[in-house]
Amino acid sequence: MRIILDCDPGVDDTYALIYLAAAAHAGTHELECVTTTSGNVDADQCARNAAWILTLCGLPIIPLAAGIPEPLEWDLTTTPETHGDTGLGYAHAPERHVEHDWDRLWIDAIDRGTEDLHLIVTGPMTNLAAFRRLHPEHYAKLRHITVMGGAFHYPGNTTPTAEWNFWVDPHAAKEVFADAPTPITVCPLNVTEKMLLTPERLYRIIESLGAAPIAEHLDPITCFYFEFHEEMGQGYQAQIHDLFTVLTVTRAIQTAPQLATIDIEADSDLTRGTSLIDTSHFWDRTPNAHVITDIPDTTIDHAWQLFDDACHILSRIASGDAALEKLRHLRAED
Ligand SMILES: [Ca+2]
């Protein structure tokens, strides 16, 4: 499986990047490119953050570019109170040059074939909507798309009814779902909030990361996020939405999505970003989404174990594990 990750790191995006970096090292999945969207912080800062996280995970050469800087119609809102001033809690990525050829990276990946190509969007859907407008023929070729967003018959995390990614750029989400090239897999708050990271889990993860350079930064990155959740009355723990989303794509989390039609309110001040689901054909429209609305707790426990295994891989890479190095050389010769 080849993956494009379009993200806005972001603390929970960071965990998605760590997992995909380990999967790339292990050869189970190929990370084609990482692009960023404005959401938690602006797209350029997200790109600096993603580049730093990938470097700390031993993947400094993944093609990476910042995407569209503003939502389609609403002004950009970022969330320093949730993810810190620069998006990574108490940690700060170094300055670096940022490329902006994000759509070229997507086109190159699509031109290499779309049967095994998965686009994962863990931020607002601005880039995907822009890509539809800019490159409709390539957009139509996408076969596998998974997004983190929405809340269906479930409270929002930004307004009483809206989830953050859909709220930041509701027009982008609305536009994409109105013309989806394939039913899009949707990971809403209903399930992503269950991917709970506790301090105990974090310390186990840091131990598993061992000598991997990301290990020493994960505590300052995550503690800020713990504190935010505690201030919101949710306890000293954190919801790692984007890791859940990536784990469903790689089948580390098995799900039973529901085929449905979804739509997003874009213009209302009151219900901006609210997602609606139609499973009873009220709208008489072609289904445009596979929505995951339930997941057993045991599945979540297993998913954290798999993430822990991924962290062990990064530890082995950092320690110069000979067997993994041989595997990488063999792949390079392919
Ligand atoms: Ca995100």
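A crossing is left-handed if the near helix is turned anticlockwise from the far one by less than a right angle, and right-handed if clockwise. The model is predicted; local features need pLDDT of at least 70, side-chain atom pairs count only at pLDDT 80 or more, and totals for chains, interfaces and linings use all residues. Residue numbers start from 1 along each chain, as its sequence is written.

**View 1. Helix α10 packs on helix α11.** Helices (H or I, at least four residues) and strands (E, at least two) are DSSP runs, numbered from the N terminus. α10 spans residues 199–209 and α11 spans residues 215–231. The packing angle is about 165°, and the axes lie 9 Å apart. That makes the two helices roughly antiparallel. Axes are lines fitted to C-alpha atoms, for helices over the stretch in contact, and angles run from 0 to 180 degrees between N-to-C directions. Angles under 35 degrees count as roughly parallel, over 145 as roughly antiparallel, 65 to 115 as roughly perpendicular and the rest as oblique. α10 passes α11 in a right-handed crossing.

**View 2. Residues of the α10 contact with α11.** From α10 come P199, L202, I205, I206 and L209. They meet A215, L218, D219, T222 and F226 of α11. Eight of the contact residues are nonpolar, one is polar and one is charged. Contact requires C-beta atoms, placed from the backbone, within 7 Å. Ala, Val, Leu, Ile, Met, Phe, Trp, Tyr, Cys and Pro count as nonpolar, Asp, Glu, Lys and Arg as charged, and the others, Gly among them, as polar.

**View 3. Strand β1 beside strand β2.** β1 covers residues 2–7. Five of its six residues are buried, so β1 is largely enclosed by the rest of the structure. A residue is buried if 20 or more other C-beta atoms lie within 10 Å of its own, exposed if 12 or fewer, and partly exposed in between; C-beta atoms are placed from the backbone. Six bridges join β1 to β2 (residues 30–36), and the two run parallel. Strands pair if DSSP finds at least two bridges between them. R2 stands opposite E30 in β2.

**View 4. A cis peptide bond from P9 to G10.** Omega is near -15°. G10 sits in the loop between β1 and α1 (11–26).

**View 5. Positive phi at H153 and D284.** H153 is not a glycine, yet its phi is about 55°. Its loop links β5 (144–148) and α7 (164–168). H153 has 11 C-beta neighbours inside 10 Å and counts as exposed. D284, also not a glycine, has a phi of about 55°. D284 lies in the loop between β10 (275–278) and β11 (289–291). With 7 C-beta neighbours inside 10 Å, D284 counts as exposed.

Notes
Contact = placed C-beta atoms within 7 Å.
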